[in-house]
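Please open the model in a viewer and keep the selection panel at hand.

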Amino acid sequence: QVQLVESGGGLVQAGGSLRLSCAASGRTFGYFMGWFRQAPGKEREFVAAINWYSSTYYADSVKGRFTVSRDNAKNTAYLEMASLKSEDTAVYYCAARRGVSVPTMDEEVDYWGQGTQVTVSS
């Protein structure tokens with residue numbers, strides 16, 4: 001059983017940056033870790049993911065602006081967000097999946113965090 005807790009959300013001005021953290025309390029050996037987000041009135045969407053060996057995957061909407069990373073020794077994943085836009089405003093969710101393939105859809109995620117709000121003002 002894995003429990004995920006996100007932190008680092010908040011209010012930031014457009015063009016600014018923010019770093020989110022996801023601490024896992026259970027074992028995530030070999031797991032993909034990732035991030036999804038859900039804006040008001042929209043479906044939850046894939047943002048980024050990283051496998052155990054630090055290969056990364058990004059949605060086109062954030063590529064070049066966001067960076068996903070992980071520290072396996074600390075059992076923690078991170079999402080560094082830069083050049084933030086108003087359309088990045090959403091609740092951001094940490095996610096984990098047992099290895100096999102990168103999770104890009106909700107149904108492919110085994111564990112979810114409770115979410116952290118990111119609001120970008122303009």
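The stops below cover a sheet, salt bridges, aromatic rings and charges over rings.

This is a predicted model, in which local features need pLDDT of at least 70 and side-chain atom pairs count only at pLDDT 80 or more, while totals for chains, interfaces and linings use all residues. Residues are numbered from 1 along each chain as its sequence is written, and side-chain values use heavy atoms, with hydrogens and water left out.

**Stop 1: the open sheet**

Display the strands (DSSP runs of E, at least two residues, numbered from the N terminus). Select β1, β3, β8 and β7: in that order, these four strands form an open sheet with antiparallel pairing. Two strands count as paired if DSSP finds at least two bridges between them. At the edges lie β1 (4-7) and β7 (66-71), each of which pairs on one side only. From one strand to the next, the twist averages 15 degrees; the axes are lines fitted to C-alpha atoms, and angles run from 0 to 180 degrees between N-to-C directions.

Next, select β1 together with strand β3 (residues 18-24), an antiparallel pair joined by four bridges. Which residue of β3 is the bridge partner of Glu6? The partner is Cys22.

**Stop 2: salt bridges**

A salt bridge here is a side-chain nitrogen of Lys or Arg within 4 Å of a carboxyl oxygen of Asp or Glu. The whole structure contains six of them. Select Arg37, Glu45, Arg65 and Asp88, which a network of salt bridges links.

Within this selection, the closest N and O atoms of Arg37 and Glu45 are 2.8 Å apart. For the accessibility labels, buried means under 20% relative accessible area, exposed over 50%, and partly exposed in between (1.4 Å probe, protein chains only). Arg37 counts as buried because its relative accessibility is 5%, whereas Glu45, at 36%, is partly exposed.

Turn to the salt bridge of Asp88 with Arg37, where the closest N and O atoms are 2.9 Å apart. Asp88 lies in the loop between β8 (76-81) and β9 (90-97) and Arg37 in strand β4 (residues 32-38), so this pair ties together parts 51 residues apart in sequence. Both Asp88 and Arg37 are buried.

For a contrast in setting, select Asp60 and Lys63, whose side chains meet in a salt bridge at 3.4 Å, N to O. Asp60 is exposed, at 67% relative accessibility, and Lys63 is also exposed, at 51%.

**Stop 3: aromatic rings**

Rings of Phe, Tyr and Trp (its six-membered ring) pair if their centres lie within 6.5 Å; planes under 30 degrees apart count as stacked, over 60 as edge-to-face and the rest as tilted. A search finds six aromatic pairs. Phe36 and Phe46 form an edge-to-face pair, 5.7 Å centre to centre with 75 degrees between the planes. Phe36 is in strand β4 and Phe46 in strand β5 (residues 45-50), 10 residues apart. Both Phe36 and Phe46 are buried.

Because Phe36 lies in strand β4 and Trp112 in strand β10 (residues 111-112), the pair ties together parts 76 residues apart in sequence. Trp112 is partly exposed, at 27%.

**Stop 4: charges over rings**

A charge sits over a ring if NZ of Lys or CZ of Arg is within 6 Å of the ring centre and within 35 degrees of the ring normal. Select Arg44, whose charged end sits over the ring of Trp112, 3.6 Å from its centre. Close the tour at Arg19, which lies over the face of Tyr78, 4.2 Å from the ring centre.
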